[in-house]
Amino acid sequence: MADEDDQRVVDALETLVSITEKSGNLRKDLRTDILETISVLRKVFSQLKSKLKNANEESKKLQNEVSNAKESMARGGDSRSERQVAPSLDHAQQSPSGEARQVLPPAGGRRKLYAEAVKNEGTRQYRITLKAKDGTLSTEQIKFQLREHINPTNIKVGIQAVRTLGDKGIQIETGSEEEINKLSTEISGKLGERLEIKKHTLRKPRIIIYNVTEEITTENITAIIQAHNPEINDNGEDIIAKFRYTNKKGRYNIVMEVGPKTRLQILQTKLKIGWEICNAADYLTPTRCFRCCRYNHKSKECRGEETCPHCAGKHKMKECTASASEQKCINCINFNRYNKNDKINENHSALSRDCPSLKARTHKVQEQY
Ligand SMILES: [Zn+2]
Ligand SMILES: [Zn+2]
Ligand SMILES: [Zn+2]
């Protein structure tokens, strides 16, 4: 399941919860019914997701086996392995992009690398913030409510930390995404009427692999990386190829979504892809303003108008009432305004990673290396 789909379902359920909560004259029993139903939907969705994940893992294993088998067939009696051959190609394949990891793009100001972005986060990747809906509960009372109604052991969730955020509520941290999902579902089911739950999600790092040949595609690159780079093969993290595009050398760059361990391994090893060593770097995206959603400046320097990233309306994101199907991207709308003959899709959130305007700009940033 694509992350965007995933996020859309989560958002849609979130919207239902918030609409239900806002409608003050809704009968209390109806409200409870709706919230309970949403909680059931969340559970089912999370189960479906984990089934899908298992199926994907299974298929990846099979792919891997096929690719290993092909490899050993191709090698035949030759005892030389590609791994012995590949390093000698290293020098020839070295391109200036090998420096990309350390270099920040010249334009657009200071940009954080993923490592920097996550450094301050430590292991605190899976967190929720709880706030009293009507502001009447103190943080102590919120904690009391949690102790009364939620038993982490029963739902098999390990709590790693509970922090008080002044009068802004409390933050809870768990060790995995699955646990934070379970906990959110449990809290929204039992205390959803009183507490506002906000989930923090940390995006997975993206890596760009430079200059692969035409035969390397988004379909086969994961299996090829795993077959040729044993250290990356078995760390339990997913490697998902997102898209491929042609570069100036007439070859291809591929953008992959990986876990943090895989990211480090890819950046620190000589990545072997087929017979070649490929350069890889963090896939950096251009700065986007939180206020107006336009690129290449920050909200502090913004001279534009407040623009909602979900619907392109002139309001803050938290005031947005647009549904997932009503999403509009201001950057793509603007592009289409000036490119009437070559229109791109504008029906997505300006925050979407698949936004064509974002992709075009990101490629420009990457090509500077
Ligand atoms: Zn702005
Ligand atoms: Zn909006
Ligand atoms: Zn867009």
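Visitor: How many residues does the largest nonpolar core have?
Guide: This is a predicted model, and in it the residues with the most contacts inside the largest nonpolar core are Ile207, Ile208, Ile209, Ile254, Cys278 and Ala280. Two or more residues of this core come from each of strand S5 (206–212), helix H7 (221–228), strand S7 (252–258), strand S8 (271–273), strand S9 (276–278) and strand S10 (280–282). In soluble globular proteins, nonpolar side chains tend to be buried together.

Visitor: Which residues is Ile254 in contact with, leaving aside its neighbours within four places in sequence?
Guide: Once its neighbours within four places in sequence are set aside, the residues in contact with Ile254 are Ile209, Val212, Ile216, Thr218, Ile221, Ala241 and Arg244.

Visitor: Is H7 largely enclosed by the rest of the structure or largely exposed, and which of its residues are buried?
Guide: A residue counts as buried if 20 or more other C-beta atoms lie within 10 Å of its own. Six of the eight residues of H7 are buried, so this helix is largely enclosed by the rest of the structure. The buried residues in H7 are Ile221, Ala223, Ile224, Ile225, Ala227 and His228.

Visitor: Which strands stand at the edges of the open sheet of four strands?
Guide: The order of the strands in this open sheet is S6-S7-S5-S10, and their pairing is antiparallel. The twist from one strand to the next averages 25°. Because each edge strand has a single partner, one side of it is left without a neighbour in the sheet, and the two strands placed this way are S6 (239–246) and S10.

Visitor: How many bridges join S6 to S7?
Guide: These two strands run antiparallel, and along S6 one finds Phe243 opposite Val255 in S7, while Ile239 stands opposite Val258 in S7. In the hairpin that S6 and S7 form, five residues lie between the strands, and Gly250 takes a positive phi near 80°. The number of bridges that join S6 to S7 is seven.

Visitor: What is the bridge partner of Val212 in S7?
Guide: S5 pairs with S7 in the antiparallel sense, over five bridges. Six of the seven residues of S7 are buried, so S7 is largely enclosed by the rest of the structure. The bridge partner of Val212 in S7 is Tyr252.

Visitor: At about what angle does helix H9 run to S7?
Guide: Helix H9 takes in residues 260–268, and it lies across S5, S6, S7 and S10. Its angle to S7 is about 145°.

Definitions and conventions:
Residues are numbered from 1 along each chain as its sequence is written. Chains are lettered from A and ligands numbered from 1 in the order in which they are written. This is a predicted model: local features need pLDDT of at least 70, side-chain atom pairs count only at pLDDT 80 or more; totals for chains, interfaces and linings use all residues. A nonpolar core is a set of buried Ala, Val, Leu, Ile, Met, Phe, Trp, Tyr and Cys residues joined through C-beta atoms within 7 Å. A residue is buried if 20 or more other C-beta atoms lie within 10 Å of its own, exposed if 12 or fewer, and partly exposed in between; C-beta atoms are placed from the backbone. Two residues are in contact if their C-beta atoms, placed from the backbone, lie within 7 Å. Two strands pair if DSSP finds at least two bridges between them. Axes are lines fitted to C-alpha atoms, for helices over the stretch in contact, and angles run from 0 to 180 degrees between N-to-C directions.
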